[in-house]
Amino acid sequence: MSMSPAPAAGAPVASTSVAIKGFAFGPLSIKVKVGATVTWTNDDQDPHTVTSQNGTGPLKSKTLQNGDKFQYTFTKAGTFDYLCTIHPFMTGTVVVTA
């Protein structure tokens, strides 16, 4: 029986969905291709945001209440770090490849 190795800790996971749950973004780091649309869903009872770190970058959601979603389509390659402006200890990363 062959099993695939688990991704290394901190390694980006191939995904276009990020759950906001337990005051954390999950997965913490994702990897997508240019043109991919990523969806963040707030599964917490508390409000959260998805905002590019340092106010520079393309991510700037409204305040997301429980069940709200935010989508963004990445049009260029790069590494995009983001946080929740309400709870700045919550951080995540999107790695976009060509």
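How many helices and how many strands does the protein chain have? In this predicted model, for which local features need pLDDT of at least 70 and side-chain atom pairs count only at pLDDT 80 or more, while totals for chains, interfaces and linings use all residues, the protein chain has zero helices and nine strands, where helices (H or I, at least four residues) and strands (E, at least two) are DSSP runs numbered from the N terminus. Residues are numbered from 1 along each chain as its sequence is written, and side-chain values use heavy atoms, with hydrogens and water left out.

Of the 98 residues of the protein chain, 36% are buried, a term that stands for under 20% relative accessible area, with exposed meaning over 50% and partly exposed in between (1.4 Å probe, protein chains only). The accessible surface amounts to about 5,700 Å², and carbon and sulfur atoms contribute 56% of it; such areas come from the Shrake-Rupley method with a 1.4 Å probe, and for residues only the protein chains shown count as cover. Among contacts (heavy atoms within 4.5 Å) in the protein chain with a separation of 6 or more, 47% link residues 24 or more positions apart.

Four strands form an open sheet in the order S3-S2-S5-S7, with mixed pairing, two strands being paired if DSSP finds at least two bridges between them. Strand S3 (25-26) and strand S7 (69-73) each have a single partner strand and stand at the edges, so one side of each is left without a neighbour in the sheet. Strand S5 (residues 37-42) pairs with S7 in the antiparallel sense over five bridges, and Thr-39 lies opposite Gln-71 in S7.

Asp-44 belongs to the loop between S5 and strand S6 (51-52). The side chain of Asp-44 does, however, reach the backbone nitrogen of Gly-22 at 2.7 Å. Beyond its neighbours within four places in sequence, Asp-44 is in contact with Ile-20, Lys-21, Gly-22, Phe-23 and Asn-66.

Gly-92, in strand S9 (residues 91-97), counts as buried because its relative accessibility is 4%. When residues up to four places away in sequence are not counted, Gly-92 touches Phe-25, Leu-28, Phe-80, Asp-81 and Tyr-82.

Key: A polar contact is a pair of N or O atoms within 3.5 Å; within protein, one must be able to donate a hydrogen and the other to accept it, and residues adjacent in sequence count only if both atoms are side-chain atoms.
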